[in-house]
Structures are given as C-alpha cells and as structure tokens.
Amino acid sequence: METDEELRQEFVLEAKAHLAAMEEALLRLEKHSADEEAVRVILRGAHSIKGTAGFFSMEALVRVAHSLESFLGALRERQAIVTSPMMDALLSVLDALHKLLQEPPDIVMPPDMEEALKKLHGQLDDEPSLAPFNAAKFAEEKAEAAILGEGPSFLGNTDEYVRVNKRILNDLLALTGEMVLRRNQLLRLSQQRHTPPQLEAVSNGIDELTTQLQKKVLQTRMQPMGGILNKFPRIVRDLSRKLGKEVSLHLAGLEVELDRSMIEALMDPMNHLIRNALDHGIEEPSMRRKLKKSSQASLAIRAYHESERVVIEVSDDGRGISLERIKETAVQKGFATEKELERLSPGQLLRFVLHPAFSTAQTVTDLSGRGVGLDVVKANIEKIGGKIEIESHEGQGTTFRLVLPLTLAIISAFIVLSQGQTFAIPQANVRELVLLLPDSGRDKRLEKVNGKPVLRLRGQCMPLLYLRELLGEANAGEIGSADEYVRILVVKAGAQVYALAVDSVYDTEEVLVKPVPEVMKSRKIYSGLTVLGDGNVAMILDAEGLCLEAGLALGEKKLVTAEAFAPERAAQEETYLLLFQCSGPEWLAADLSFVARIEEISRGQLQEVGGKQYALLQGETLRVFQPEEYLPFASNELAQEKLYVIVTKKLHAKVGFLASVIHDAIRLPLRLDEHGVQGNGIIGSAHVDGRIVTVLDLHSLVMYAAPEYNEKIGLSGALFGSQQNQKTRILLAEDSPVFARLVQNCLTSAGYTVQIAENGKKAWTYLQEKHFDVLVSDMEMPGLSGLELIAFLRKQEKIKDMPAIALTSLAGEEYRTRALQAGFDRYLVKLDRKELLETLQELRLESAREVQDGSEA
C-alpha cells in the first residue's frame with residue numbers, strides 16, 4: 001500500500017509533465033491565437049493539477065491553477081487576442097506552479113506569486129469576468145468526486161505503464177553488463193577444441209537470448225529527445241525578447257531516442273550553445289536588414305541517427321565566426337604563431353574556440369561570450385563519450401554538431417594487442433582495417449615526411465601513429481623489417497583521420513564500459529576499461545586522446561596534413577566501390593553509397609520461404625539472393641559454411657546480396673569499358689589493378705530479383721514506358737560514370753531518351769547543339785559546375801524555360817537553397833528512383849500546362 005507521501009510524489013511527476021505540455025501549448029498560442037487545441041491542453045492541465053492538488057490539501061497550488069484555468073476560460077469566451085504582455089503573465093503563473101510543486105503542501109501563498117496572479121488578472125479589461133476562487137464550491141466538487149470514486153488522475157491507466165525507480169534500472173543494466181561478460185566467456189570456451197557439441201548449441205542459444213535481453217534493458221533507459229528539446233522554445237522566446245532580437249526556432253528529431261543519463265547531461269551544454277547563438281551569433285534586426293537578411297533570424301536544433309550514434313545540430317543563420325578574428329586572438333594569447341596558423345585548415349582554426357579562455361566576442365555579457373565556456377561544453381560532451389564539431393561561414397551562420405553514442409553502458413569494440421597488452425577501441429571510431437603484407441610494395445605505403453611517419457592510402461596521406469610508441473616504448477615508431485606484417489586501423493576522431501599501427505587485431509566484442517581508475521585518469525588515451533571474455537582486463541582506448549597524445553589536436557600543424565601530399569584532384573570524380581565475389585570466379589563491384597552494412601552469417605541462417613531465400617538479421621527478416629542468378633554468369637551453389645550478406649540502402653527495397661568473399665573497399669577515378677561485360681543489372685566493366693571487375697547496377701538487380709517491391713511502392717504503371725516518356729529527351733550532366741549509368745538505366749527503363757554529358761562544359765555544348773526537354777545535373781563537377789551551368793541556361797532566351805533538376809549527393813537545407821536560387825526547379829538527393837521519376841512526371845505536366853496557358857492567352 002502506497003503512503004500519502006509516495007502518492008504525492010507521483011502527483012508531482014505527473015504535474016511536471018502537465019506543465020511541460022502547457023508551456024508548449026502557451027508558446028503555440030502566442031503564435032496562433034485561434035489555436036483551440038492549445039487552449040484545451042492548458043485548461044485540461046490546469047484542471048487536472050487543481051483537482052489532484054485538492055486531494056493533498058495543497059491550497060496555494062489549487063489557487064494558482066484555478067486562476068490560470070479561469071483566465072483561459074474567459075479568454076476563450078471573449079475570443080480575445082493573446083498579446084505578448086498577456087503571455088508574459090501566463091508564463092509567470094506557470095513558473096509559480098513549478099515552484100509550488102517543490103514546496104511543502106501547507107505553504108502560504110508567497111507575495112511574489114500573489115503579484116503574478118494580480119498581473120494576470122489585470123490583463124483583461126473586464127476583471128469581474130474572472131471568477132474568484134470559491135473554496136466552498138471547490139469543497140463540494142471534491143466531496144462529489146469522492147462519492148463517485150474519482151481520485152487523482154495518475155492512478156488511472158496503469159495497465160500499460162508502470163513507474164520504476166531509476167536506481168533499479170541502473171542495477172538491472174549493470175547486471176545485464178555482467179551477463180554479457182559471462183556470455184563472452186562461455187562463447188570462448190565453446191570455441192575450444194574437444195568441446196561437446198551440446199555446449200556449443202547451448203552457448204549459441206544463450207548468446208542470442210543475452211543479446212535480446214541486452215537490447216530490451218537498454219530500451220528501458222532510452223528516452224525521446226523531445227524531453228530536452230521542448231524546453232528550448234521558452235528559453236529562446238525569453239532571451240530573444242530580452243536581447244531585442246527576432247528569432248524563429250525550428251526543432252526536428254524530437255522522436256530520436258537517447259540514453260536517459262545522457263539526456264540529463266546534455267541540458268547544460270545545449271543551454272550554453274543556445275545562449276551563445278542568441279547573444280553573439282545572431283545579429284540585431286537592424287543589422288540583419290542592412291545585410292539584406294530577414295529581420296527574423298533562424299535557429300534550428302536537429303537530432304538524427306548517424307551510424308550507431310546520435311547527432312544533435314545547433315545551427316543559426318547569424319554572423320558566423322570570423323577566422324581572421326580567431327587568428328588574431330590565437331596570436332595575442334600565445335596559442336600559436338602566425339606561421340603555424342597559415343598551415344591550418346578552416347576546420348582546425350575553428351577548434352580554437354573550444355580552448356579555455358579563448359573568445360572571439362568583442363564583449364562578454366551576463367548571457368555568454370562566443371568561446372567563453374565552450375571548453376566546458378566540450379569537456380561535458382566528452383564525459384559522456386561524445387565529440388563536438390564546428391562548421392561556420394562568416395556572414396552565413398554557425399553549426400555545432402554534437403556526436404553522441406546511443407548508450408554509455410555497452411559498446412562494440414575491436415580487440416587489439418600491443419606490447420603484449422590487450423586493448424579495446426570502439427568500433428564506431430574505426431573506419432577500416434589495413435593489412436600490409438611482406439614484399440607487397442609496403443615501402444611505398446609507409447613513408448616519413450618531416451621526420452614523421454605517414455600512411456599513403458589510395459592516393460592520400462594520413463598521420464601514422466604506433467600504439468607501442470604512445471604506450472612509452474622507445475624507438476617503437478620505426479618501420480619493421482620487410483618480412484613483418486603491419487596491421488593498421490584507420491581511425492576517425494572528430495574531424496581528424498589517422499592510422500594506428502598495432503601488433504595484432506582480434507575479433508570485435510561487445511564490452512561493458514567501466515570507469516577509468518583514479519590512478520590512470522592522467523593518461524588521456526583511455527576512456528574506460530572492460531573485462532573480456534577470457535577474464536583479462538583491457539583498457540578502452542580514446543580515439544581523440546590518442547590524437548592529443550601524439551600532438552595531432554592542434555598539432556596537425558606539426559605534421560604535414562594528408563592533403564598536402566595527395567595528388568591533385570582528378571578531373572573525374574572518384575567512386576567508392578565494394579569488391580566481392582559470389583559463387584563463381586568473377587570479381588564484382590557495387591557502389592558503396594548503396595551499401596548499408598555487411599553481415600557475416602552461416603549457411604544455417606538462410607531459410608527458404610515460397611521458393612525465395614531469407615535471412616534473419618538483427619531481429620528483421622531480409623530477402624537475400626545471389627546476384628549471378630540474374631547476371632550473364634554461371635550460377636553455382638554457395639557451398640562454404642561462412643557467407644556474407646551485403647545489405648543495401650537508398651534502394652526502393654531493402655534486400656541483401658549473398659557473397660562468398662569480400663575483397664576490399666576502394667576509392668578510385670573509375671573509367672567504364674563500354675565494350676566490356678554487358679547485360680541486365682550491369683553498368684559496365686572496369687580494370688582494377690589489372691583485373692576485370694564487373695560493376696553492378698543494384699537498382700536494376702533489385703527490380704529483376706524482387707519485382708513484387710516495384711508494385712508495393714508504385715514503381716510501375718504511369719511512371720514507366722508511357723508514349724509521352726518516349727518523346728521526352730533528357731540531358732544528364734554527371735561526372736561520376738557509375739552514377740551516370742545508374743541514372744541512365746533508371747530513366748531509359750521508364751521510357752525516356754537520355755544523353756549523358758560527363759561534365760558541365762560538355763553539357764553546355766550539347767545544349768547549344770541539340771534539343772532537350774529536361775536537364776538533370778549534378779551540382780559539383782570539374783570545369784563547369786552544375787550551379788554555373790544552370791545560370792548560363794537561364795540567360796539563354798531559347799532554353800531559359802527548360803525544366804531542370806539538381807540531382808546531387810550534397811544533402812542539407814543549405815544546398816537545397818543554393819540549388820533553387822541558382823535556377824533549378826527541383827532539388828533531389830542521390831538516388832531515390834521513385835522520387836526522380838515522379839519529379840520528372842510533375843515537371844512534364846507543369847510544362848504542358850504552361851504551354852497550354854500561353855497558347856490560350
């Protein structure tokens with residue numbers, strides 16, 4: 001049986017939820033006075049708080065809630081406009097309710113709250129319409145509710161939700177982490193020789209159950225970002241009014257979930273970034289008008305998933321951060337010399353604002369100073385395993401990106417060996433693994449520049465760190481003898497990418513993160529420790545800490561950056577390809593931008609349903625097939641026990657391709673051999689290191705292999721093969737041969753006639769010589785960009801009205817705005833097949849209507 005105090009605490013939790021919803025509704029009401037739903041939310045919340053507070057004899061809380069309810073009722077009856085002073089008074093009363101919830105039940109109404117109520121009552125001309133609080137009448141209502149069996153609303157729907165003490169959840173998570181450890185130990189035992197088959201079967205079952213249990217427990221700690229983001233409309237409103245600025249706040253990603261402890265730790269850093277943007281990032285309205293900007297500034301907070309992390313962006317369209325001002329301040333305060341600063345990129349210069357006592361603000365106010373305290377923001381974000389990135393363009397605005405792990409408790413990590421010690425490095429920080437074999441041209445890959453080792457990988461250089469050297473071993477940075485294997489992890493830490501050489505790389509393992517012991521906290525290269533399945537303790541390496549230890553944080557200036565040694569950018573865009581084999585000897589390639597991930601499976605995980613193959617991966621059923629069954633190659637049965645599933649993305653159906661061998665992921669300027677391998681589902685063939693590689697068209701393959709998905713999303717009928725499509729000539733300006741062929745296949749399958757131009761200059765020549773109905777162009781091309789091409793087109797009288805689509809990999813509102821302002825009619829991100837075809841159909845219909853309207857006029 002719960003005590004009255006326990007019930008009252010439950011009421012306080014519920015009342016806080018009501019107040020959060022009421023505050024959000026009040027801010028909506030300020031923008032739209034006719035928002036009836038907002039009024040209903042506020043009235044419902046005030047009534048609920050008033051009714052339940054009465055059961056606990058919280059008379060002061062009852063009076064304030066009644067005044068708010070009465071005021072809103074009178075406001076709705078009069079259909080009055082909500083003014084800013086009226087909103088200030090309403091928000092003050094809401095703040096009073098917040099305070100009273102923290103006070104003892106028998107508190108007497110404080111004078112400041114009496115004043116807030118008087119201020120609220122004075123907002124309407126006809127004060128008598130606000131019914132005063134009638135204690136006798138309320139007592140009657142309370143007695144009637146008791147007779148009818150009505151009680152506090154929080155005792156309502158208890159079938160679906162229960163409240164659990166967060167301490168219990170933390171204990172449950174800790175126990176789950178220990179269970180993961182025991183599971184790892186059991187798996188290692190089951191892999192030893194002479195292990196009974198029954199033990200292997202049991203361990204595999206426990207492995208699956210533990211994984212499912214771990215996911216469920218972690219879900220109990222996950223909360224939507226709306227819990228923190230919905231607090232900022234009030235903050236932005238109050239601060240912008242105080243500063244005399246007009247600011248429009250845009251929120252996105254309220255449904256994105258994050259670990260509860262991380263959400264709590266985010267409030268202060270986010271609050272600081274918002275205050276920074278309002279105080280020093282956004283200009284005054286008069287200044288914005290002089291700069292030909294809208295007097296109302298835009299502030300956006302967006303949360304979204306990226307890989308296994310959550311990214312929060314705080315963006316403003318204000319003055320941006322001056323790089324010249326950063327350089328001046330850095331020299332004045334002794335952070336760097338002018339010569340050192342000349343060698344830093346804009347991104348590296350912006351990192352200075354995260355240093356203690358570094359500020360570019362001309363004045364420091366009681367709210368913020370651009371740079372003052374950002375070192376604290378950085379430290380707080382790093383405490384929860386996150387990183388902070390900055391992007392700023394002077395005169396256009398600034399974006400802060402907070403990159404956070406989904407949870408702090410359990411992570412996937414690579415287990416590596418150095419100096420006989422075992423370490424773990426988070427898988428989220430590792431971009432790829434590189435193994436340099438003896439006598440394989442290794443000397444051309446490992447070099448020294450200015451006395452510092454670098455790795456040359458696919459035409460680019462990056463700093464090379466030796467873990468042995470960072471651990472203190474003398475001469476550990478020397479390149480080994482020619483008969484040694486060199487094992488390297490390519491690591492990303494913030495904006496920095498570097499190579500890390502280790503002695504050995506084992507498998508990945510899910511590890512329970514424990515805090516770093518006090519005696520080792522001075523070593524910034526560690527972010528935690530864990531116990532592995534074999535019982536050994538492994539320190540968890542911090543990717544950015546390794547950077548700092550090697551002098552790469554600012555010290556990218558001490559090493560020559562990779563870009564300084566990379567060859568000049570090829571005139572042709574480089575393409576990322578995944579090289580693999582299926583059941584035959586042929587080497588195949590797929591554009592990596594369409595690959596979500598690669599899963600290793602056993603043959604036993606494949607199941608046949610209705611003559612089609614499926615695999616159960618990460619809790620979802622995925623349709624899988626062998627590509628060669630739909631290609632002009634011999635298709636053999638995949639006989640080996642271990643297989644790979646290449647899971648696709650950005651296609652109209654999420655499917656998996658089965659492969660027997662994954663060779664490499666490469667980046668190169670690709671030239672397709674038009675007279676090479678041909679056939680359905682094939683873009684063409686190319687030469688890679690002297691080998692013929694067949695480049696696949698994944699879009700077409702999915703259409704052939706899984707035609708049922710075409711009907712499911714509407715990729716049929718009107719979008720394909722109409723007579724009107726066959727009359728439409730499209731000019732496709734695209735410098736990536738793989739992507740150009742992908743788009744061409746997509747459009748020709750829909751009946752369009754397509755001419756490819758491999759760059760902007762070639763497209764302009766075609767426009768002068770031939771007739772086209774639509775232009776589809778990339779935005780970034782060598783020689784003449786897509787933006788320059790559309791600008792030329794709009795100035796030519798004969799073709800200035802030609803419909804044009806920007807089809808680009810540059811995603812974001814900034815690029816969309818640039819494309820539309822330059823003259824494109826539509827902006828699309830590569831490559832949604834259905835969206836492209838629907839957009840072409842829309843433009844064709846619009847063009848036909850314009851011609852008809854012109855003839856009628």
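## Cysteines

C547 is buried, its relative accessible area being 4%. C582 counts as buried as well, with a relative accessibility of 5%. These values come from a predicted model.

A disulfide is a covalent bond that links the sulfur atoms of two cysteines. In this model the number of disulfides is zero, where a pair of cysteine sulfur atoms would have to lie within 2.5 Å to be counted.

Strand 5 covers residues 309-316, and eight of its eight residues are buried, so the strand is largely enclosed by the rest of the structure. Burial here means a relative accessible area under 20%.

Both faces of the strand are covered. On one side lie R309, V311, E313 and S315, and on the other V310, I312, V314 and D316; all of these residues are buried.

Which strands are joined to strand 5 by bridges? Strand 4, residues 296-306, runs antiparallel to strand 5 and is joined to it by eight bridges. Within this pairing, H305 has V310 of strand 5 as its bridge partner.

Strand 7, residues 397-405, is also antiparallel to strand 5, and eight bridges join the two. Here E313 is partnered with R401 of strand 7.

## A contact between E389 and R401

R401, the bridge partner of E313, also takes part in a side-chain contact: a polar contact of 2.5 Å joins the side chains of R401 and E389. E389 is located in strand 6, which spans residues 387-393. Is E389 buried or exposed? Its relative accessibility is 17%, so E389 counts as buried.

Definitions and conventions. Residues numbered from 1 in each chain as written. Predicted model: local features only at pLDDT ≥ 70, side-chain atom pairs only at ≥ 80, totals over all residues. Heavy atoms only, no water. Buried < 20%, exposed > 50% of the residue type's maximum accessible area, 1.4 Å probe, protein only. Helix = DSSP H or I, 4+ residues; strand = E, 2+ residues; numbered from the N terminus. Pairing = 2+ DSSP bridges. Polar contact = N/O pair within 3.5 Å; in protein donor to acceptor, adjacent residues only side chain to side chain.
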